[in-house]
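Hi everyone, thanks for coming.

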Amino acid sequence: MKPTILTVMHDRVIRANLTYALASHGFDVVESQDIRNVTETIRRQFANLVVTALNEAPTLEVCRQIRQHSDIPIMIQLQEHSELSEWM
């Protein structure tokens, strides 16, 4: 069974490129474009990792919602000069 990665990103192009790259390296990829779908997706389908690249406030909200339902690892892609990158 291939590892499954859930991508949560607003930007369709970035999400598609990441999905292509991960799939070409043998991962199953489940895509979610916004917060509303994340917790439902996690409930319905198993994933080994969540990768997110959202704006600052939605990213933290996504992480909070995921943690309410799962202890799945979360990888956050940050812009070089964002408030979150300074906080982390």
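Let's start with H1, where Arg-15, Thr-19 and Leu-22 are buried; buried means under 20% relative accessible area, exposed over 50%, and partly exposed in between, with a 1.4 Å probe and protein chains only. Seen down the axis of H1, these buried residues fall within an arc of 70°, so they line one face of the helix. That arc is taken from the directions between the helix axis and the C-beta atoms.

The buried residues pack against E1 and strand E2 (28-32), with contact meaning heavy atoms within 4.5 Å. Helices here are DSSP runs of H or I with at least four residues, strands are E runs of at least two, and both are numbered from the N terminus.

A quick word on the source: this is a predicted model, where local features need pLDDT of at least 70, side-chain atom pairs count only at pLDDT 80 or more, and totals for chains, interfaces and linings use all residues. Residues are numbered from 1 along each chain as its sequence is written, and side-chain values use heavy atoms, leaving out hydrogens and water.

Just past H1, Gly-26 has a positive phi of about 95°.

Finally, Thr-59 sits in helix H3 (residues 56-69). At 0% relative accessibility, Thr-59 counts as buried. Its C-alpha lies 9.5 Å from that of Gln-77, 18 residues apart along the chain.
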